Amino acid sequence: MANVIIVGAQWGDEGKGKITDLLSRSADVVVRYQGGVNAGHTVVVGDKTFKLHLIPSGILYPETRCVIASGTVIDPEVLLQELDMLEGLGISAANLFVSETAHVTMPYHRLIDRAEEERRGKYRLGTTGRGIGPTYADKSSRVGVRVLDLMDPEGLQAKLNWIIPYKNVLLEKLYDLPPLDPQPIIQDYLAYAERLRPHVVDTGVLLEQAAHARENILFEGAQGTLLDLDHGTYPYVTSSNPVAGGACIGAGVGPTMIDRVIGVAKAYTTRVGEGPFPTELTDETGRLLGERGAEFGTTTGRPRRCGWFDAVIGRYAVRTNGLDCLAVTKLDVLDELTEIKVCVEYRLGDRTIRDFPSDSQILAHCVPVYKTLPGWRSYTGDCQKLSDLPIRALEYLQFLAKEMSTPIAIVSLGAERGQTIIVEDPIHGPKRALLVDSPVGHPLCP
Ligand code: IMP
């Protein structure tokens, strides 16, 4: 039995959906532990493309139970649209379980998110506008609506008749928006509640039972390390904890339950929204990466900012999440390049910086120091094993593994399930310590 966390090692959009989908095959339960409909993952199965925001991609496996845990925030309207989409495709959602203590995104959260971005002007964060920050803010302020509340019509009426007038003061006075009428909102959310009711359970008990039955549990993080509220590039972060530690809090399980942590990193870097990005490329190469990598947000359609791989960030992700190994995705996007750069450290004035700075202002002034590697200039999308890769592609991966002192267990070379090289079984293979300490001849082990 192994319980595994999958976490984004950069600014999100690392291709976690595909890796989760791949590992879901050996999982009995897949748990989404934080975030909301700001996330989006695309899974390609044959000629079908699935775009999901909240429901774990494990739902595509009929036997796998999927949990949307307590640490998430749920927009019921979007969740129900996803359920409808799956049903339309003949995929059963009977195995979807929603935590009764997850918080609910309300219409005023979406309005406030967007109005607040506008009010911030040049200080805007570039949020997805899905109401995520305001939902988590209400959770912390203890004025949130939980899934539990939706299940209690009278309680919900009372709660919203109290909260909405209070939100209306904000909407009218601060944001110059019209007030909301509580009644239609209450009616809509009661209708959502009835459709969600069969899926709502105490997911903590479900996970405890799964653990006792020695089942495999996969914890799926949304967003990425640098968007973490506590450990990311604050304030240009999301409002939850995507880092591995967030899995325990979000799912309501103890850290002793976790066996492995797998970090997912693109072979280059992208970022959506505002905030510093040292290796960003605003030139032709950046445009090429965006084009070849189809770098547009799944949720908002916004073009992603693209840049070289940043090993300072990689090392930070290894440290912050305790990564056992890495899955490197989208290596094929680099296929055409003549040379490829990797940032190994930063310069700030006359200082060399190897540890990721906590201060976004400082990060904004950091200049990347690059190691330039030769490109391989050949198609890798059909490589099935490491020995199929051009030697320079292999050397590139070895360089990344060495810079981060972390083995690469999976290499992804395209969106299809089959476009993947499993270097080492990330769940049942040897632990990181073994790989790092013993010269086992692992080709992608530092
Ligand atoms: P929010 O999560 O909508 O509040 O947005 C806060 C920041 O996180 C913005 O920079 C968003 O672009 C970014 N963000 C949120 N979710 C994702 C994601 O799934 N992928 C990449 N960036 C995200």
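Val 98 has Val 200 as its bridge partner in strand S9. Strands here are DSSP runs of E with at least two residues, numbered from the N terminus. This is a predicted model, in which local features need pLDDT of at least 70, side-chain atom pairs count only at pLDDT 80 or more, and totals for chains, interfaces and linings use all residues. Residues are numbered from 1 along each chain as its sequence is written, and side-chain values use heavy atoms, with hydrogens and water left out.

S9 covers residues 200-201 and pairs with S7 in the parallel sense over 2 bridges. Two strands pair if DSSP finds at least two bridges between them. Strand S5 (residues 65-68) also runs parallel to S7, joined by 3 bridges. Ile 68 stands opposite Val 98. Val 67 has Phe 97 as its bridge partner.

S7 itself spans residues 96-99 and is covered on both faces. Leu 96 and Val 98 are buried on one side, Phe 97 and Ser 99 on the other. Buried means under 20% relative accessible area, with a 1.4 Å probe and protein chains only.

## Around the ligand

The ligand is surrounded by 15 residues, each with a heavy atom within 4 Å of it. The closest are Asp 13, Asn 38, Thr 128, Thr 238 and Arg 302. By class, the shell has 6 nonpolar, 7 polar and 2 charged residues. Here Ala, Val, Leu, Ile, Met, Phe, Trp, Tyr, Cys and Pro count as nonpolar, Asp, Glu, Lys and Arg as charged, and the others, Gly among them, as polar.

Oxygen atoms of the ligand lie 2.6 Å from a side-chain N or O atom of Thr 128 and 3.0 Å from one of Arg 302. Val 272 places a backbone N or O atom 3.2 Å from a ligand oxygen. The protein covers 96% of the 470 Å² of accessible area that the ligand has on its own (Shrake-Rupley method, 1.4 Å probe).

## His 41

His 41 sits in strand S3 (residues 41-45). Is His 41 buried or exposed? It is buried, with a relative accessible area of 9%. The side chain of His 41 reaches the backbone oxygen of Ile 55 at 3.5 Å.

Beyond four places away in sequence, His 41 touches residues including Phe 50, Leu 52, Pro 56, Glu 220 and Thr 298. Contact means heavy atoms within 4.5 Å.

Definitions and conventions: Polar contact = N/O pair within 3.5 Å; in protein donor to acceptor, adjacent residues only side chain to side chain. Helix = DSSP H or I, 4+ residues; strand = E, 2+ residues; numbered from the N terminus. Buried < 20%, exposed > 50% of the residue type's maximum accessible area, 1.4 Å probe, protein only.
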